[in-house]
Amino acid sequence: MAELAGRTGWRLAVGQAARASLVALSVLASACGGSGSEAPPVPPSISLSAASIEAAAQGENISVDVSNGGGGALSWTAALAEGVDWARISSGSSGSNAGTIEIEVAPNLGDMREVELTVSAAGAASGTVTVRQADGRPAIELEAPSAELDGEGGSVTLAVRNTGVAPMQWSAALPDGVDWAYIASGREGVDAGEIMIRYRLNSGFDRELPLRVTAAAAVNSPQSLTLSQDWFASSACTFPEARGGLLEQMKRWYYFNDEPEQQARYDGLDIDEYLSLDELLTELRAIPRDLLFSQWITRAQAEAALDRRLVDFGFYGWTALRIDFNTGRQELLHYQVADVYAGSPADTAGLERGDKILGLNGKRIADIAFAEHVIDELGPSDEGFEVSFDIEKPSGARRSFSMAKAQLDVPAVPEEHARIFDTGAGQVGYLHVRGFWGDAQARLLEEFAELNAAGIKNLIVDIRYAALGFTQPAEGLATLIGGPELYANQTRTVLSRRVHNEQLRREGRDSTVWFGCGAFPAPDMAARCENESSISDLENVVFITSFLTIGPGELAIAALQPHENVALVGTRTLGKPVGRYALPFCLADPNDMDSRQAELLPVAFANFNSEGFGDYYAGLQPTQGCEVLDEGLSLQFGEGRGSRPFGDPDEPRIAAALRYLETGSCGVPAPSSAPPYGMAVQLGPGRSLITLLPDQ
């Protein structure tokens, strides 16, 4: 019993502890809202993923995440502020508990704006999100590949961008009075675009070129970007040093220095007033006898001029201007093709003598503004450089095409143009001489050998466009025409006398040039001259001339006039009885002439023939009754008439020359008045190539 009692006591003890625990649990349950006095349920709560969102000005889709941060169920709706038409809820305008609201934001074309998104739910406080959209008004951004322009000239392309959203119409301009650069393309545009500026060599102090881009709606209009161009030879000498060097060379070498007027120019000169070499040289020229003949050129230009190879399209021509002589107003009409080189890109493209180029790169010639800019539009002498052309044939037919520049070897005396005509005066030889450069001497020897073998006694030499070259090939031409009677058997006949200013004369620089095969420097060429090519007893020679017959061609004519029956058909020559030397200046190394960065080509001597004639500054006039206009200028003949090629006996100037040889008269009525147009002759990109060759 005692044992049992003990066990019973244990059980009683356990029961009491259990009852105490039940009481404690009951109290705890009551405190936690259990049976008895229960706690209220937790309400739902709106939780949003952001209080504000920044939207791009370009417009975009944004999202807001909604979740229930409380208890129970959350049934919510979303709405944007009333009256807002640039943002809308595209999905998720209502939901339960968690969800996503998608908002479509339209592009902003104006100032910064904002709208409030409100999310509401019964039994819960509303939540808001502010949506702000960036300013979308247009803004100009300008960018150049470099702010430094090449001192030797070239082109630069700048990028224009609209960093806003609203459309931006813009226009670009350079300051008034800038004559060394112009906008070749991209004067105006919309939003993104490019502005191409062509600029010329800097022959003076460093200079700046501010470009201004304006857009009426842009928040930052106008915007400017300033480009700078250093003096082209800054690595070798300063501009003041080069300017002084040019002046000293002129004071020593210039042919007209003996004249009081020229000395007065030097005496009254304040060299610091001249901001470029061009300005200084313009002041020193003895106009009109030195009609832009004295020039200076860069080393690169000199080397290019001496290289027979030419990178170009392969045609030659000029811009035609219509001039109102009452007002002086000039209108650019077109670019006239005068000669096309066989096998060139122009020849392959079907360009022909007499064609008019009406447009380049989609721009009308008449809209390019200046004649020199036509050449700029034709681009640099880079192989593969492509330009689009709009042309009109003499028939009136029009066509468009593109062609790329290629390396050419242009013969000075084209073989395809040489002819022998059967006429009432017997066989007449015809040669077209493009210029006195490169292979001129070799080609003249070849053609004269054939003419001599054919026994011709009358000759037509077409030098109407022979504006370029050296004197020595012209002396060779005169020798071949004059024949052995002027130099054989130790005969010495003066071809020309070269006369300098008094200072150089005292130094013994005057010289005499004689007819003879020494004009051909290589021994084999001189031998061919003596044995095959010189024509004996030539009866008549007719030169076809124009205002582009300059320098060497005029020298040959003047040299032959005392010795041969010489006639001129066409129009008067330009008038250049003077010659130039190439004098280096601006040396990177004072002891090395090859380190020159520039050359001065001053008029340094005058040419006189054996009779002392050398005063043809006004040009050599055509023979009486033989003034014939050039068919290559279709303005003279009206629309629809073609231009006959070189070597065609029906070409007006060739036909007149043949008539003269047959009858002694060209049979051409004198022009009644000056034609209502002018011409700006363009012989190559940038500077005219006339300026690029010394005369020896």
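In what order do the five strands of the open sheet stand? Select them as S2-S9-S8-S4-S6 and you have that order, with mixed pairing.

Before going on, note that this is a predicted model, in which local features need pLDDT of at least 70, side-chain atom pairs count only at pLDDT 80 or more, and totals for chains, interfaces and linings use all residues. Residues are numbered from 1 along each chain as its sequence is written, and side-chain values use heavy atoms, without hydrogens and water.

Color S2 (52-55) and S6 (94-96). They are the edge strands, each with a single partner strand, so one side of each has no neighbour in the sheet. Strands are DSSP runs of E, at least two residues, and helices runs of H or I, at least four, numbered from the N terminus. Two strands pair if DSSP finds at least two bridges between them. From one strand to the next, the twist averages 20°. Zoom to alanine 55, whose bridge partner in S9 is glutamine 133.

**Around S17.** Select residues 207-214. S17 pairs antiparallel with S13 (residues 169-173) over three bridges. Alanine 172 has valine 213 of S17 as its bridge partner. Next show S18 (residues 223-229), joined antiparallel to S17 by seven bridges. There, leucine 227 is the bridge partner of leucine 209.

**The helix pair.** Finish with H8 (residues 440-454) and H11 (residues 523-533). They pack at about 20°, axes 9 Å apart. That makes H8 roughly parallel to H11 (angles under 35 degrees). Axes are lines fitted to C-alpha atoms, for helices over the stretch in contact, and angles run from 0 to 180 degrees between N-to-C directions. Show the contact (heavy atoms within 4.5 Å): residues including Leu445 and Phe448 of H8 and Met525 and Arg528 of H11.

Notes. Angles under 35 degrees count as roughly parallel, over 145 as roughly antiparallel, 65 to 115 as roughly perpendicular and the rest as oblique.
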